[in-house]
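Student: I have a model open on my screen and would like to understand the words used to describe it. Could we go through them together?

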Amino acid sequence: MSTATTLTPTALAARVDNAVKVYGSGDTAVRALDGVSVGFRAGRFTAIMGPSGSGKSTLMHCAAGLDTLTEGAAYIGDTDLGSLDDRRLTLLRRDRVGFVFQAFNLVPTLNVAENITLPIDLAGERPDREWLDALIDVVGLRDRLHHRPAELSGGQQQRVAVARAFAGRPDVVFADEPTGNLDSRSGGEVLRLLGDAARQASRTVVMVTHDPVAAAHADEVVFLADGRLVDRMERPTADRVLDRMKAFDGTTSTSGGEPS
Ligand SMILES: Nc1ncnc2c1ncn2[C@@H]1O[C@H](COP(=O)(O)OP(=O)(O)OP(=O)(O)O)[C@@H](O)[C@H]1O
Ligand SMILES: [Mg+2]
């Protein structure tokens with residue numbers, strides 16, 4: 001066994017090195033990420049926490065290849081996203097990355113089954129029927145497959161979005177506040193899904209959340225503040241996460257959220 005303290009890149013399903021992201025320029029420039037280095041280990045469920053505006057969504061978007069860094073590098077496995085042209089980046093995102101958006105982003109005119117297989121259909125690939133079948137059972141949507149999103153509850157819609165993110169058997173799934181709009185029961189179901197996917201299906205799951213109870217479902221929590229990584233916590237409990245978050249109070253305003 002190796003006793004090296006640094007993990008080899010292959011043990012990390014996704015990582016960013018010295019990630020800097022600046023939005024805009026001149027007087028209005030915002031340094032959303034200010035030199036973040038963090039790795040997400042394969043087969044683990046990691047939560048990202050931090051005050052509003054601390055750079056959580058920016059980090060996820062850049063790590064997933066949905067946006068580009070201003071400085072530094074982002075890797076999926078050993079692949080440096082900055083080395084890929086648009087076409088290769090699109091292919092990598094399609095084949096290796098899943099994303100769950102806070103706003104679900106389901107297609108209203110497609111039913112549940114069609115929404116789940118949409119990324120695969122767009123890719124012109126053959127779905128892995130066995131995997132999809134298992135996935136549909138895990139998310140508990142078998143009796144809703146022919147419903148449209150408007151005919152589903154918020155929790156059910158989010159479960160469709162989760163199933164869609166996992167449909168193409170990606171290595172890494174990023175989920176931005178997947179339980180933010182859900183009641184605690186639906187939220188709990190989504191969290192168990194994400195945890196099971198990481199541990200049982202050996203996927204890597206990275207989730208942004210504001211909720212210490214949600215974060216406690218993860219194997220590890222990383223904390224961001226002002227665009228920097230400020231802490232990591234293994235085997236979090238809701239109480240320990242809450243204590244850590246209290247340390248942010250005073251340094252940040254929770255009332256200063258951007259209008260949406
Ligand atoms: N497209 C953009 N143009 C300019 N500034 C942006 C843009 N997107 C984000 N920002 C700014 O970058 C900073 C980090 O934003 P980000 O969305 O990553 O925060 P967050 O931690 O996800 O916050 P929240 O918890 O409110 O979702 C914020 O100050 C935000 O205003
Ligand atoms: Mg955000």
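**Reading a predicted model**

Tutor: Gladly! This is a predicted model. Helix H5 is mostly covered, with 12 of its 14 residues buried.

Student: Which residues of H5 are buried?

Tutor: They are Gln 156, Gln 157, Gln 158, Arg 159, Val 160, Ala 161, Val 162, Ala 163, Arg 164, Ala 165, Phe 166 and Ala 167.

Student: And what do the buried residues of H5 pack against?

Tutor: Their partners are strand E6 (97–100), H3, H4, strand E7 (172–176) and helix H6 (184–200).

Student: How do you know that the span of H5 agrees with 1.5 Å a residue?

Tutor: Set the two values side by side. The 14 residues, 154–167, should span 20 Å, and the end C-alpha atoms are 20 Å apart, so the two agree. After H5 comes Arg 169, with a positive phi near 55 degrees.

Student: Now ligand 1. Which residues come nearest?

Tutor: Of the 14 residues around ligand 1, those are Tyr 23, Ala 32, Ser 52, Ser 57 and Thr 58. Strand E2 (30–41) and helix H1 (56–63) each give two or more residues to the shell, and H1 has the largest share, 3 residues.

Student: How many residues of that shell are nonpolar, polar and charged?

Tutor: The shell has 3 nonpolar, 9 polar and 2 charged residues.

How values were computed. Residues numbered from 1 in each chain as written. Chains lettered and ligands numbered in written order. Predicted model: local features only at pLDDT ≥ 70, side-chain atom pairs only at ≥ 80, totals over all residues. Near = placed C-beta within 6 Å. Helix = DSSP H or I, 4+ residues; strand = E, 2+ residues; numbered from the N terminus. Nonpolar A, V, L, I, M, F, W, Y, C, P; charged D, E, K, R; others polar. Expected span 1.5 Å × (residues − 1). Buried ≥ 20, exposed ≤ 12 C-beta atoms within 10 Å, placed from the backbone. Contact = placed C-beta atoms within 7 Å.
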